[in-house]
Amino acid sequence: MGRNRRGGGGDTELHAAARSGDMKAVESIVSSNPLAINSRDKHSRTPYPPPFSLFVFLILYLVF
């Protein structure tokens with residue numbers, strides 16, 4: 001399944017992983033596609049609030 005595919009609720013896999021607190025899945029998705037951090041759901045929301053998105057991206061970028 002593609003990393004940016006949308007689920008039944010309009011979420012991407014990253015949205016679903018972030019909402020459920022599955023950090024291993026979040027790390028896997030973002031490390032394979034760093035731009036996924038800016039993906040939008042059907043309500044045009046990113047997986048994290050905008051300032052946090054940049055923070056998470058930078059941390060994961062530095063770690064991987």
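Along the sequence, the protein chain runs α-α-α. That is 3 helices and 0 strands. The model is predicted. Of the 64 residues in the protein chain, 33% are buried. The accessible surface is about 4300 Å². Carbon and sulfur atoms account for 60% of that surface. Taking contacts between residues at least 6 apart in sequence, 44% join residues at least 24 apart.

**The core**

The largest nonpolar core holds 11 residues. Its members are Leu-14, Ala-17, Ala-18, Val-26, Ile-29, Val-30, Ala-36, Ile-37, Tyr-48, Val-56 and Leu-60. In soluble globular proteins, nonpolar side chains tend to be buried together.

Which residues does Val-26 touch, leaving aside those up to four places away in sequence? Val-26 touches Leu-14, Ala-17, Ala-18 and Tyr-48.

Helix 1 has a buried set of Glu-13, Leu-14, His-15, Ala-17 and Ala-18. These buried residues pack against helix 2. After helix 1 comes Gly-21. The phi of Gly-21 is positive, near 80°.

**Thr-12 and Ser-39**

Thr-12 sits in the segment before helix 1. Its relative accessible area is 3%, so Thr-12 is buried, under the 20% cut-off. Ser-39 lies in the loop between helix 2 and helix 3. Ser-39 has a relative accessible area of 11%, so it also falls under 20% and counts as buried.

Thr-12 and Ser-39 are 27 residues apart in sequence. In space, their C-alpha atoms are 7.4 Å apart. Their side chains are joined by a polar contact of 3.4 Å. Each residue has a further partner. The side chain of Thr-12 makes a polar contact with the side chain of His-15. A polar side-chain atom of Ser-39 lies 2.8 Å from the backbone oxygen of Ala-36.

| Pair | Atoms or groups | Distance |
|---|---|---|
| Thr-12 and His-15 | side chain to side chain | 2.6 Å |
| Ser-39 and Ala-36 | side-chain polar atom to backbone oxygen | 2.8 Å |
| Arg-45 and Asp-41 | side chains, N to O | 3.0 Å |
| Ser-39 and Thr-12 | side chain to side chain | 3.4 Å |

**The salt bridge**

How many salt bridges are counted? The count is 1. It joins the side chains of Arg-45 and Asp-41, at 3.0 Å from N to O. Side chains of opposite charge can pair when their charged atoms come close.

Are the two partners buried or exposed? Arg-45 has a relative accessible area of 48%, so it is partly exposed. Asp-41 is at 6% relative accessibility, so it counts as buried.

**Ser-44 in the loop**

Ser-44 is found in the loop between helix 2 and helix 3. Ser-39 lies in that loop too. Ser-44 is not a glycine, yet its phi is positive, about 65°. Most residues other than glycine have a negative phi. Ser-44 is partly exposed, with a relative accessible area of 45%.

**The surface of helix 3**

Phe-55, Ile-59 and Val-63 make a nonpolar surface patch of about 300 Å². Val-63 is in helix 3. Why does Val-63 count as exposed? Its relative accessible area is 59%, and exposed means over 50%, so Val-63 qualifies.

Glu-27 is found in helix 2. Its relative accessible area is 30%, so Glu-27 is partly exposed. Glu-27 and Val-63 are 36 residues apart along the chain. Their C-alpha atoms are separated by 9.8 Å.

Methods: Residues are numbered from 1 along each chain as its sequence is written. This is a predicted model: local features need pLDDT of at least 70, side-chain atom pairs count only at pLDDT 80 or more; totals for chains, interfaces and linings use all residues. Side-chain values use heavy atoms; hydrogens and water are left out. A nonpolar core is a set of buried Ala, Val, Leu, Ile, Met, Phe, Trp, Tyr and Cys residues joined through side-chain atoms within 4.5 Å. Buried means under 20% relative accessible area, exposed over 50%, partly exposed in between (1.4 Å probe, protein chains only). Contact means heavy atoms within 4.5 Å. Helices (H or I, at least four residues) and strands (E, at least two) are DSSP runs, numbered from the N terminus. A polar contact is a pair of N or O atoms within 3.5 Å; within protein, one must be able to donate a hydrogen and the other to accept it, and residues adjacent in sequence count only if both atoms are side-chain atoms. A salt bridge is a side-chain nitrogen of Lys or Arg within 4 Å of a carboxyl oxygen of Asp or Glu. Patches are made of residues with over 30% relative accessible area and no salt bridge: like charges are joined within 9 Å, nonpolar side chains (Val, Leu, Ile, Met, Phe, Trp, Tyr) within 5 Å. Accessible areas come from the Shrake-Rupley method with a 1.4 Å probe; for residues, only the protein chains shown count as cover.
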